[in-house]
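Here is a short report for a reader meeting this protein for the first time. Look over the sequence and the model, then read on.

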Amino acid sequence: MPRFSIVVPVHNVQGYLRTCLESVLDQSYGDFEVIVVDDRSPDGSAAIIDEFAARDERVVAVHLPVNGGIGPARNHGARLARGEYLLFLDSDDSYTPGTLRAIAERIDATDRPDIVLFDYARTHWYGAVKRNRDAEVFGAPGPEVFTVAERPELLDLFTVVWNKAYRLDFFREGGFTFPTGFYEDAVIVYQTLWTARTITLVDRICVSYRQRRQGNAMRTPSREHFEVFAQYERLFRFIGERPELERWRGFLYDHMADHYLFILRQADRVPPSSRPEFHRRAARDLRAYRPDGHRPGAHVPRTSFTLLARAPYTLYALHCIAAVKRAGLRRRRLVWRRRLRRVLLALHRRLVLRRALDPNLAVYSAFSHRGVLGDPAAIHHRARELAPHIRSVWVVGKDHVDTLPPGVEHVLPGSRAYRRVTARATYLINNVNWANDLVKRKGAVHIHTHQGTPVKSMGADLLKYPGARRGFSVPKMLLRADRWDYSLVANPHSELVWDRAYPCGFTSLRSGSPRNDCLVRPEEGRRESVRQRLGVGDDSTLILYAPTNRDHRQGGYAPTCDLERLVAGLPGDHVLAVRLHPSLAQHHERGLGLRDLATRGLLLDVTDEPRVEDLLLASDALITDYSSLMFDYALLDRPIVLHTYDLDTYLAARGTYFDVTERPPGHVTRDEDELARLFASGAWRDEESTRLRTAFRSRFRGYDDGRAAERVVRTLMLGEDLAVPTVPAPASASGAPSDALTRS
């Protein structure tokens with residue numbers, strides 16, 4: 001008997017069917033059967049089904065003699081199922097890698113529950129991927145196993161069966177069968193959730209839910225949407241036959257009312273000629289099924305509900321027309337309010353720009369206003385010690401205010417306070433360009449820190465890579481860079497790159513990277529403190545995997561390596577920590593393998609750790625690819641591995657300033673097998689690794705001496721002089737002046 005029986009109903013999906021079936025057959029957990037039910041599909045789907053059945057004995061091909069719809073097709077597949085658990089997968093959707101293993105392990109950990117719910121992501125035809133908007137429900141604290149009475153919010157989730165695994169005995173003993181017609185999922189979802197004794201959740205994206213541009217029957221005007229009335233009749237009858245479910249009558253009534261209103265609101269559901277009849281049928285149900293004394297919940301629009309339940313269709317239609325007109329008026333008012341706001345902003349800007357600069361005011365920002373981070377944070381902390389008379393104000397987005405350390409003054413971007421302080425500040429320090437509307441005033445000192453030593457193409461060099469500059473204009477970016485007075489330089493390589501990539505009138509300050517001061521001169525006990533916070537013991541080896549983002553991929557993410565396989569090959573005292581690029585912190589990919597592996601305790605997901613310097617200090621080795629972190633980590637003189645599985649693609653899409661694999665800071669791997677073998681054998685820290693790292697450190701020896709932040713404060717804020725470490729100039733920079741400041 002297989003562990004899983006997966007029923008796939010098929011009708012007119014020949015363009016997607018192969019992807020669907022391959023996503024099942026390629027699962028790492030292979031104890032399953034997939035029952036593919038051809039619902040008399042007129043396209044080439046039947047041949048594809050037979051092809052897969054011939055090549056894999058786990059595929060059971062079923063060809064129905066007549067087309068009966070998705071409900072009867074699922075019922076036919078469920079009757080043939082032999083597995084311990086029953087799953088349904090629509091033939092234009094697909095499973096993500098590792099799905100069945102994650103579900104199986106959850107079943108084992110929760111003693112075979114009746115229902116397992118898992119998460120999904122919408123994959124749009126134009127390439128965007130969006131995680132389920134209710135994803136937080138899956139990660140919310142609570143008991144491991146429960147009933148729906150203990151977690152009633154589950155009833156508000158998307159009512160589909162393809163994100164659930166049903167224990168087959170529970171499904172058959174309950175006599176659950178899909179009805180014909182539209183909205184059949186709701187019947188099974190509610191009946192099974194109400195009667196299940198044990199339910200559990202998998203906080204992982206397991207299904208890619210395809211959003212097709214055309215061909216979605218649910219978004220096609222037809223009278224088939226009238227089937228919704230029969231489905232709710234079945235559900236109320238189901239409750240009426242089971243007194244123990246009476247508690248759900250009010251919920252079902254509210255859901256029905258909201259559902260009917262939703263269908264009537266949509267232009268792509270009920271044909272215009274059938275709307276009056278749909279209104280009458282809906283009103284009849286709202287009167288017939290209303291529990292005694294029940295008042296609809298707050299989420300049911302009160303006026304629309306009343307007009308649907310008690311008024312003729314003409315009044316309801318007039319209400320809808322009036323609502324459209326009111327929405328139009330609101331939009332026009334919003335346009336005028338925006339115009340007025342722009343006028344007032346311009347007036348306020350003129351007023352604040354008339355005020356003199358404050359010589360003792362410094363404004364900071366980092367990573368597009370994400371908090372007190374990076375090089376600006378290091379300068380800020382040093383300025384508070386060396387120049388306490390200079391007031392420090394941070395620009396921080398409202399979503400990151402809670403992360404601010406105590407006592408840090410801040411303003412929200414775009415606010416009146418923001419315009420006031422940025423207009424009057426003498427010092428403006430940022431590692432990202434300031435917004436377009438910020439006016440560069442005479443006497444103001446703009447200090448740009450960058451975000452590490454450049455590996456990938458930057459600034460004007462992006463003109464050669466159209467995919468990498470998608471969404472922004474290089475000329476406009478350079479206009480913003482024209483406001484820089486000083487560009488901080490970590491090493492001779494950076495100075496040469498910044499001069500070419502940003503042909504602007506700034507002065508280079510050979511300061512070193514302020515954020516690296518803590519790596520060159522680490523605080524006593526900081527490494528131990530971070531490891532303790534992460535739960536890594538003193539006798540464990542912590543390996544940090546920190547890949548950069550991919551501009552050539554929509555969303556910036558590209559699959560990297562089989563993390564579970566890598567973890568499995570590590571010695572028992574090794575811990576893998578994974579940090580995605582900060583731009584991917586909210587990416588749906590975290591809901592796939594990474595979050596699942598972290599939940600299972602196989603690795604650490606440290607993407608949300610705000611200070612990457614802490615992670616560098618805490619780790620014993622770094623795995624990266626084309627990230628500037630390799631330069632920072634080299635300061636610690638610890639092993640580095642470059643996993644460059646997509647080097648040719650990356651070079652073509654973004655380009656690098658040098659071949660990272662030619663003279664790397666450590667071993668280079670090109671595929672998962674190499675990476676796994678390198679760490680399983682311990683070769684990642686052998687003599688060759690040390691030799692490569694030593695050569696890399698010598699080649700890119702820079703100005704990091706642990707006093708970079710102090711150098712910036714003393715040189716640019718206090719007007720003092722602080723000597724710069726002597727670094728041999730590269731051959732291409734012969735004749736360059738050796739003083740700390742160099743005009744671009």
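Is Asp 119 buried or exposed? Asp 119 is buried, with a relative accessible area of 0%. Keep in mind that this is a predicted model.

## Overall picture

The protein has 744 residues, and buried residues make up 55% of them. Its secondary structure comes to 26 helices and 23 strands. Along the principal axes, the C-alpha trace spans about 85 × 65 × 45 Å.

## A salt bridge at Asp 119

The structure holds 45 salt bridges. Asp 119 takes part in one of them: its side chain meets that of Arg 131, at 2.7 Å from N to O. The pair links distant parts of the chain. Arg 131 sits in strand E7 (residues 129-131), and Asp 119 sits in strand E6 (residues 115-124). The two residues are twelve residues apart.

Side chains of opposite charge can pair when their charged atoms come close.

## Two further pairs and a network

Arg 391 forms a salt bridge with Glu 409. The closest N and O atoms are 2.5 Å apart. Arg 391 lies in strand E11 (residues 391-395) and Glu 409 in strand E12 (residues 409-411), so this pair ties together parts 18 residues apart in sequence. Arg 391 is partly exposed, with a relative accessible area of 37%. Glu 409 also counts as partly exposed, at 34% relative accessibility.

Asp 614 forms a salt bridge with Arg 526. Here the closest N and O atoms are 2.6 Å apart. Asp 614 lies in helix H21 (residues 612-618) and Arg 526 in helix H18, so the pair ties together parts that are 88 residues apart in sequence. Asp 614 is buried, with a relative accessible area of 4%. Arg 526 counts as buried at 16%. Elsewhere, salt bridges link Arg 382, Glu 385, Arg 707, Glu 710, Arg 714 and Glu 720 in a network.

## Charged patches on the surface

Which residues form a negative surface patch? They are Glu 524, Glu 528, Asp 538, Asp 539 and Asp 573. Glu 528 lies in helix H18 (residues 526-534). Glu 528 is partly exposed, with a relative accessible area of 44%. Helix H18 also holds Arg 526, the partner of Asp 614.

Positive charge gathers in a surface patch as well. Its members are Lys 325, Arg 326, Arg 330, Arg 331, Arg 332, Arg 333 and Arg 337. Arg 333 has its place in helix H12 (residues 313-353).

## A nonpolar patch

Where does Val 343 lie? Val 343 lies in helix H12. It is exposed, with a relative accessible area of 54%. Val 343 makes a nonpolar surface patch together with Leu 340, Leu 344, Leu 347 and Leu 351. The patch covers about 490 Å².

## An enclosed helix

Why is helix H16 described as largely enclosed by the rest of the structure? Seven of the ten residues of H16 (residues 492-501) are buried, so the helix is largely enclosed. The buried residues in H16 are Pro 492, His 493, Ser 494, Glu 495, Val 497, Trp 498 and Ala 501.

## An exposed loop residue

Glu 57 is found in the loop between helix H2 (45-55) and strand E3 (59-63). Glu 57 is exposed, with a relative accessible area of 78%. Its C-alpha atom is separated by 9.5 Å from that of Val 34. Along the chain, Glu 57 and Val 34 are 23 residues apart.

## Cysteines without disulfides

How many disulfides does a search of the whole structure find? The search finds zero. Take Cys 20. The closest cysteine sulfur to the sulfur of Cys 20 is in Cys 206, 14 Å away. That is too far for a bond, because a disulfide needs two cysteine sulfur atoms within 2.5 Å.

Cys 20 is buried, with a relative accessible area of 0%. Cys 518 is buried too, with a relative accessible area of 11%.

Methods: Residues are numbered from 1 along each chain as its sequence is written. This is a predicted model: local features need pLDDT of at least 70, side-chain atom pairs count only at pLDDT 80 or more; totals for chains, interfaces and linings use all residues. Side-chain values use heavy atoms; hydrogens and water are left out. Patches are made of residues with over 30% relative accessible area and no salt bridge: like charges are joined within 9 Å, nonpolar side chains (Val, Leu, Ile, Met, Phe, Trp, Tyr) within 5 Å. Accessible areas come from the Shrake-Rupley method with a 1.4 Å probe; for residues, only the protein chains shown count as cover. A salt bridge is a side-chain nitrogen of Lys or Arg within 4 Å of a carboxyl oxygen of Asp or Glu. Lys and Arg count as positive and Asp and Glu as negative; His and the chain ends are not counted. The place of a charge is taken as NZ of Lys, CZ of Arg, CG of Asp or CD of Glu. Helices (H or I, at least four residues) and strands (E, at least two) are DSSP runs, numbered from the N terminus. Buried means under 20% relative accessible area, exposed over 50%, partly exposed in between (1.4 Å probe, protein chains only).
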